[in-house]
Amino acid sequence: MTERDWRIFREDFNISYKGSKIPRPMRSWVESKLSPELLKAVERAGYKTPSPIQMAAIPLGLQQRDVIGIAETGSGKTAAFVLPMLTYISRLPPISEENEAEGPYAVVMAPTRELAQQIEDETVKFAHYLGIKVVSIVGGQSIEEQGFRIRQGCEVVIATPGRLIDCLERRYAVLNQCNYVVLDEADRMIDMGFEPQVVGVLDAMPSSNLKPENEDEELDEKKIYRTTYMFSATMPPAVERLARKYLRNPVVVTIGTAGKATDLITQHVIMVKESEKMHKLHKLLDELGDKTAIVFINTKKSADTLAKGLDKAGYRVTTLHGGKSQEQREISLEGFRTKRYNVLVATDVAGRGIDIPDVAHVINYDMPGNIEMYTHRIGRTGRAGKTGVATTFLTLHDSDVFYDLKQMLIQNNSPVPPELARHEASKFKPGGIPDRPPRRNDTVFAH
C-alpha cells in the first residue's frame, strides 16, 4: 500500500495518531505478529476482523510502547490491551514457587466491579490457551480470599483501584515484578475520586525500568520496560496529569469522535418542535442549488413517508434504508452519485461506510440515539479535506444525548444553542451522577 492508501485506510476507520515512530495499523489478524496460540484463541473467540482500536493499538503494544487510547466503551479496546499484555507475559518465566511471592506480571485497573469482571472474562478467554492465570480483586468479596489467590501465584490481576490499594496496604499483595499496567476508563476512575488510589498502585511498581525520557534513545530488545496503556473517552486535566507523570513518549490513538474530520464540518444544532421540522427542511433544501444533501431519519417507515412528501413538493429525492434490496440500494446510491437525485433520505444503514464524494450538507431530521451514530452521520460530509455542513434538528425528546452533544459541540468550537446549554440533561452524562453516595467527609458541591 502507498502512503496515500494508508492515509485513506486510517481515515476510513477513523484512526488518528499523535506521537513519533508510529507503526502501521494491522489490517487483519494475520498481520498482527501475535503468536500462533493467541491467533488460535482469537479465532476461537469468533473475532473475524480487528476493530479500529485493535488495528491501531496492538502493533504499538507489541513494541512495548506506552499508549493513550481515546475510544468509547464497546470499541473492542479490551482485546486491544489484553493481546499485547499476554504476548509480553509469555516472554517471561512462568510464575512458579520461586517467583510467585513477588506478585503478578501485569495489572489492569477499571473503575467498577462490572467492568473489571467483563475484562476478566475477556482475558480468561485468551489467557486460558497460554496457561496464564488471572485473578480479579474487586470490592464485595472477601479480601482475605483474594489475597490468598494472589499469593498462590498469578500472572494477571484485574482490579478496582480501591480494593487493590487495600490489598497492597495490608501486604496481601505486592507488585515487585509488575511492569505492565492498564488503566481502563481512566476518566471515569478520576471522576469517581480514585486518583489517589491509582497513583498509589502505580507508585508501588518498580520504577527502575521506566523507559528513557529521550524518545530517540533506542529501546533495548532484551530489557523489560514498564509498559502503560491508558484508555479514556475524554482527556480531562487530571488524566493528563497522570499521563505526563507515568507514561513515556506515549502514542495517542484516537478512534472516531475526536478525529480531525469534524474540524472540517460546520455543525449547526437547532432546537425545534416536531411540527416545525418539515418547514425548516424545505428551507435548507431550497438553498442547496446544484449541491447534494443526505437527510438522516431514524426509522424506515418515516424515511419512506418523508421521501414521498419531498417528492410531491418537487425535490429530486431517493431513499436508502434496510428495507430495500441490495439492488435497490445500489440504484439509489448510483442516482445520488451521478446527481440525478440531489437529496438522499436515509436511515443509519447509510451512516456507516458509504463513501459519496462531495456531500455538501448532512441534515439530521431526527437526532440519533447516541453520539457515535451522530459522529458517523456527520462524517458523511467534510471528507477528503473538503469542508461540509451538518444541521441537526433537536427536540426535547432527545434529552438522552444532550450531554454528549453539548460536549462535542464545545470540543469542536461549534455554537451550542442556549436551550441546549441551559437544559438540565446537558449538565450530566446519563447515569453519570457520582456512582457512590457521598461519604461523611466529602464536600458536596451544589450544582
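Modeller: Strand β2 (residues 67-70) pairs with strand β7 (residues 227-232) in the parallel sense, over four bridges. This is a predicted model. Within that pairing, Gly69 stands opposite Phe231 of β7. β2 also pairs with strand β8 (residues 251-255). That pairing is parallel too, and it also runs over four bridges. Here Ile70 has Thr254 in β8 as its bridge partner.

Now the faces of β2. Are they buried or exposed? Both are covered. Val67 and Gly69 lie on one side, and both are buried.

Next, the segment with an annotation. An unreviewed UniProt entry lists residues 27-55 as a short sequence motif, the "Q motif". In the model, residues 27-55 are 45% helix and 0% strand. The end C-alpha atoms of that stretch are 6 Å apart.

One more site, further along the chain. Leu420 is found in helix α16 (residues 418-422). Leu420 counts as buried because its relative accessibility is 0%, and buried means under 20%. What does Leu420 touch, not counting residues up to four places away in sequence? Its contacts are Leu394, Phe402, Leu405, Lys406, Leu409 and Ser426. Val269 is 151 residues from Leu420 along the chain, and the C-alpha atoms of the two are separated by 9.1 Å.

Conventions:
Residues are numbered from 1 along each chain as its sequence is written. This is a predicted model: local features need pLDDT of at least 70, side-chain atom pairs count only at pLDDT 80 or more; totals for chains, interfaces and linings use all residues. Side-chain values use heavy atoms; hydrogens and water are left out. UniProt positions are given in the numbering used here, feature names are shortened, and annotations may be inferred rather than shown by experiment. Helices (H or I, at least four residues) and strands (E, at least two) are DSSP runs, numbered from the N terminus. Buried means under 20% relative accessible area, exposed over 50%, partly exposed in between (1.4 Å probe, protein chains only). Two strands pair if DSSP finds at least two bridges between them. Contact means heavy atoms within 4.5 Å.
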